[in-house]
Amino acid sequence: MNISKFLLIDAVLVIAAIPLLFFVSGGKRKSPLLRSSSKEEFLRKASCKLPDKEKLRELEKFAIKQGSGIELDSIIGIWKFISIWKKDIDEEDPVFSSLLRVFSAKIEFKKDLFIENSTELFVIASIQFGMFSIGFSGTGYLKGKQPSLPFCLNLIELKSGSNILLRRSLKAPEDKEKSFFAIIALEENDKLLSARGQGGEVVIWLKD
């Protein structure tokens, strides 16, 4: 299953669990349930400009033929989902993009600091709904000149703030069934990262 579908499943789970979560928390809530979903606001604060469809196609074609030059250290950090483009990069998917922004969908790539020169990454995908969050975590690695980023998310957690309400392990897929991103480009002073997901959609992240 590709990452964007994981995050939409997260959103559905959060909505379905709202009555239970309010019961657990005593109905008290200090933070708003929905955060700003304005793409323009995110980009204005970061002083960034999204590439248009022609630019995205050009960047992907170059990455496939020449390689993007992106290395592991370049993607370390937290990235907010800012835009999802349909498979043929003809147009942005406004509903999908807005949902991921509404639920503050993020993905984090972390290095294993305890293993010198490790090429493995910790991968954490999450959404936020007020004080509650759902996250999938696992591992991944970069390979190839484009490069691609195969990953496996094998743990799900439901949290209220820093408190873990639910934790469950997921069955690890076979290597050939792992999800992946084909990294396209890193632009705008390393603030915008684009990649094609397993399902064919093109994702653009903004550095948090």
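1. Strand 2 (106–111), strand 3 (120–129), strand 4 (132–141) and strand 5 (148–160) each contribute at least two residues to the lining of the largest pocket, and strand 4 gives the largest share, five residues. Strands here are DSSP runs of E with at least two residues, helices are runs of H or I with at least four residues, and both are numbered from the N terminus. The model is a predicted one, in which local features need pLDDT of at least 70 and side-chain atom pairs count only at pLDDT 80 or more, while totals for chains, interfaces and linings use all residues. Residues are numbered from 1 along each chain as its sequence is written, and side-chain values use heavy atoms, with hydrogens and water left out.

2. The volume of the largest pocket is about 330 Å³. Of its 18 lining residues, Ile-124, Ser-126, Ser-133, Ile-134 and Gly-135 are the closest to the centre. A pocket is an open set of points on a 1 Å grid over the protein atoms alone where a 1.4 Å probe fits, with protein on both sides within 12 Å along at least five of seven lines, and lining residues have an atom within 4 Å of a point; grid points are joined across faces, edges and corners, and the volume is the space filled by probe spheres set on the points. By class, the lining has seven nonpolar, six polar and five charged residues, where Ala, Val, Leu, Ile, Met, Phe, Trp, Tyr, Cys and Pro count as nonpolar, Asp, Glu, Lys and Arg as charged, and the others, Gly among them, as polar.

3. The chain has five helices and nine strands, which run from the N terminus as α-α-α-α-β-α-β-β-β-β-β-β-β-β. Of the 208 residues, 45% are buried (under 20% relative accessible area, with exposed over 50% and partly exposed in between, for a 1.4 Å probe and protein chains only). Among contacts (heavy atoms within 4.5 Å) between residues at least 6 apart in sequence, 59% join residues at least 24 apart.

4. In helix 3 (residues 53–66), the buried residues are Leu-56, Leu-59, Glu-60 and Ala-63. Seen down the helix axis, these buried residues fall within an arc of 95 degrees, so they line one face of helix 3; the arc is that of the directions from the helix axis to the C-beta atoms. What covers them includes strand 1 (77–85), strand 7 (179–187), strand 8 (192–197) and strand 9 (202–207), whereas Glu-58, Lys-61, Phe-62, Lys-65 and Gln-66, on the other side of the helix, are exposed.

5. Ser-47, in the loop between helix 2 (39–46) and helix 3, has a positive phi of about 55 degrees although it is not a glycine, and Ser-47 is exposed at 60% relative accessible area. Ser-104, in the loop between helix 5 (94–102) and strand 2, also has a positive phi, of about 50 degrees, but Ser-104 is buried at 14%. The peptide bond from Gln-146 to Pro-147 is cis, with omega near -5 degrees, and Pro-147 lies in the loop between strand 4 and strand 5.

6. Ser-162 sits in the loop between strand 5 and strand 6 (163–169) and is exposed, with 68% relative accessibility. Its C-alpha atom is separated by 9.2 Å from that of Met-131, 31 residues apart along the chain.
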